[in-house]
Structures are given as structure tokens and as C-alpha cells.
Amino acid sequence: MNINATLLIQMIAFMLLIWFVNKVLWGPLSKLMEDRQKRISDGLSAAEKGKHELELAENKAKEVLKEAKTQAQNILGQAEKRGSEIVEDAKVKATEEAGRIKASAQAEIEQEVSRAREELRKEVASIAVSGAEKILGKEIDAATHNDMLETLVKSI
Amino acid sequence: MGTVEYIQHHLTNNSVGEGFWTFHLDTIAVSVLLGALIVVTAMRLGKQLETDTPGGFQNFVESILDFVSVNVRDAFPGHNPLIAPLALTIFLWVWLMNFMDLIPVDLFPYLFQLVTGDSHAYLKIVPTTDLNTTLAMSLTVFVLIVFYNFKIKGGWGYAKMFLFHPFGKFLVPVNIIMTLIEEVSKPLSLALRLFGNLFAGELVFLLIALIGGTLAVGAAALFWAPLQVLLDLAWLIFHLLVITLQAFIFMVLTIVYLGMAHEEAH
């Protein structure tokens, strides 16, 4: 086999090809593959992180829900208590009011009764006087017999 | 045309020039065209690179790149941005040049003779069956080996390798001879292995091609022609393995040799 100047040409061609391959094939493609690898690992770690955060959030949500439930229970209990208190209060007040109204009505009635009685006494006194006048046939001096009349009125 | 002439004709390069200044035009043209094919394909691929949804061809190229970079990572200690592109270039270029071996041996010479009108025009389209090509690559690798030996080990470190390796300080002359042989045999074995395999493969293809053509006359062709097709197919399938393996071996040994050059002196 004959070694000749073809060797030199082939060496130059080889070196040029290495340069070209590095420039247009290895360089861009290996960079792209590295980028992709990085993106994938980033994505995976982000997903992992997201999962973890979701777990935390779920736990927190559960806690909040639990708290809310107990709070609601508390509020409900308080409201019930308060309600029955109000009802009780109202009952007491109503009874008081009723008592008051009853008392005032009774007082009024008594007043009316005593007034009527007074009226009646006066009426009876005048009737008695006029009756006595008719019987005696003369004027009775009211002033002179006032004391008697007074006793009479009182006795009725 | 006799058998010997047929084979010799096929194994002669189309060349110009005299003595050392002879240029094998077919070797240069085919290898440069194949190199250009790599570059043009890479450039066209580079315009439509997809990071997230790589297409079929990009996937294919990426898997080759991955294969090469895995080999570099396994066989090469440390870091050198030149090694991976170098290995990739060797693998792709050598494989493509070897692949020329699988094209029917008479096709291109025949077409070439038709085009040039010269029925004796020489054409050898497998650049790796030309020792100039394989030696050119292995010598380039050798230059890199020497360069990195000096760069990493330093002049004295490199010299120490010759003086005290492999038998220690008491057998310095033997050491020099041994290490010298070891170092020189690296590029030589790289070049000769590839050349030898491909040359032999080409020769077998030529011999198979002779079965139907020269040996068969008349009715005998009914037996010899199918045999030629069968043998050709068998050798082709086997050779497909060989050309890939040879490209791979050249690449891996280059990585390993350069890896050895990068080891610190001890």
C-alpha cells in the first residue's frame, strides 16, 4: 500500500470535520440534551415540592375545618343557651307584667267600687232626707241635722 | 478480463501526481462528501431542534450522541470538551466510509466508467480501504496523545514514563524501547486494524462477485448466480456488523488512549 500526500489531505479533512461536528452537531445537541435533563429534573423536584405543599395544605385545611366545627358547635351551644335565657326572661317579664296589669285593674275596680259607694251614700242620704221631709211635712234643716245625717251615711 | 486483473483493478485508486505527491482522488472525494453529508445533515437538523418533542430523526441522532457520551464517560477520566466531539466524529465518519463497502462492488466503478467514457477508469469508493485515510485519523489522534501527554504530565513526567516504565529504574534502556514500541503501536494498530478489516471485507465482496461472473458459463450460471446472491447477502449482513464494530473500536480506543494521556504521572 502506498502512503502519499493523500494522507495530508485526509488529516486536514479529519480535523476540519471534528471542528464542524463540534460546531453544528455535538455543541447544539448536547446543550439541548443537558437543558432537557435539567428541565426534567427541575420539573420532577417541583412536582415533589408541590406534592409536599399539597399535603401540608390538606393537613392545614383539615385543622381549620376541625376548628371551625368546634367553633360552630360552641356558637350553637351558646345560642341555644341564650335562646332559652331569653325565653325564660320573657316568661318572667310577662308574668310580672300580667301581675302588674292585674294589680292595677284591681285597684281601679276598688276605686270604682268605693266611688260608687260614696255616690250611693250621698244618694241614700238625700233620699233619706227627702223621705223624712215628706214624712215630717216640714223642712229639715240640713245644717242642724247634719251630724245625724253623717252618721246615717256612714252606717250604710 | 482475468480474475487477478479484475481484483487489482478494483483495488487501485483513481489518482493524480507522482511519488509522494500522489493524490487519491476517489478516496478524498468520497470521504469529503461523506463528511459534508454529516455537516449538512447536522445543520438541517440544527434548524429544527425540539427540546420537548424531538422527532424521529432527532431521537435517532440523540441516541447516537448518548451512546458516544456514555462511552466517553466510562473510558475517559476527567474532563476535556474535545474528546466527545472527536469520538462522535470518528464514529460517524468511519461508519459512513465503511458503509461504502456495502454498496455493490461493481456499481459505482461501472457508472463512473460510463460517465467518463473510459472503460478502464479506476474507482475505489471505500475510503477506509485506503491506508492513507485510516493512518490520517490515527496520526491525528497520535498527535493529540503526545500533546496531552506533554500538557498533563509535563515534559519531565512524559520523559519519566519512557525511562521508568514498565520495569522500574534499573532497566532504563529496555524501558525506553518498550515504551517507544508501545506508543508507536497505538496509531499503527488503530490504522491497520480498520484498514485490514475493511480491505479484507472488500476483497471477499470482490471474490463473491466473481462467482457469478467469471466462473459461470452457460447453464452453470443457473447454479452459480443464486449462490452468489446468497453468499453476497450473508457477507453483507455479517459485514454490516463488522463496519459498525470497527467504527466503534476505533472510537473507543481513541478515547482510551487519550484517557491514558490524561493520567497524571506517578
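What percentage of the contacts in chain B with a separation of 6 or more comes from residues 24 or more positions apart? With chain B of this predicted model selected, the answer is 69% of those contacts.

Stay with chain B and colour it by secondary structure, which brings out eight helices and two strands; followed from the N terminus, these elements run in the order α-β-β-α-α-α-α-α-α-α.

Next, select chain A, in which you will find two helices and zero strands. Its radius of gyration is 60 Å, well over the 15 Å that the globule rule gives for 156 residues, so chain A is more spread out than a compact globule. The C-alpha trace of chain A spans about 190 × 25 × 15 Å along its principal axes, and 9% of its 156 residues count as buried.

Finally, show both chains together and look at where they touch, with 36 residues of chain B in contact with 27 residues of chain A. On the chain B side, select strand E2 (21-24) and the helices H2 (25-47), H3 (56-75), H4 (83-99) and H6 (131-164), each of which supplies at least two of the residues on the side that touches chain A. Helix H2 of chain B gives the most to this side, with ten residues. Coloured by class, the side of chain B that touches chain A shows 22 nonpolar, twelve polar and two charged residues.

Note on methods: Residues are numbered from 1 along each chain as its sequence is written. Chains are lettered from A and ligands numbered from 1 in the order in which they are written. This is a predicted model: local features need pLDDT of at least 70, side-chain atom pairs count only at pLDDT 80 or more; totals for chains, interfaces and linings use all residues. Helices (H or I, at least four residues) and strands (E, at least two) are DSSP runs, numbered from the N terminus. The radius of gyration is taken over C-alpha atoms; the globule rule is 2.2 Å times the number of residues to the power 0.38. A residue is buried if 20 or more other C-beta atoms lie within 10 Å of its own, exposed if 12 or fewer, and partly exposed in between; C-beta atoms are placed from the backbone. Two residues are in contact if their C-beta atoms, placed from the backbone, lie within 7 Å. Ala, Val, Leu, Ile, Met, Phe, Trp, Tyr, Cys and Pro count as nonpolar, Asp, Glu, Lys and Arg as charged, and the others, Gly among them, as polar.
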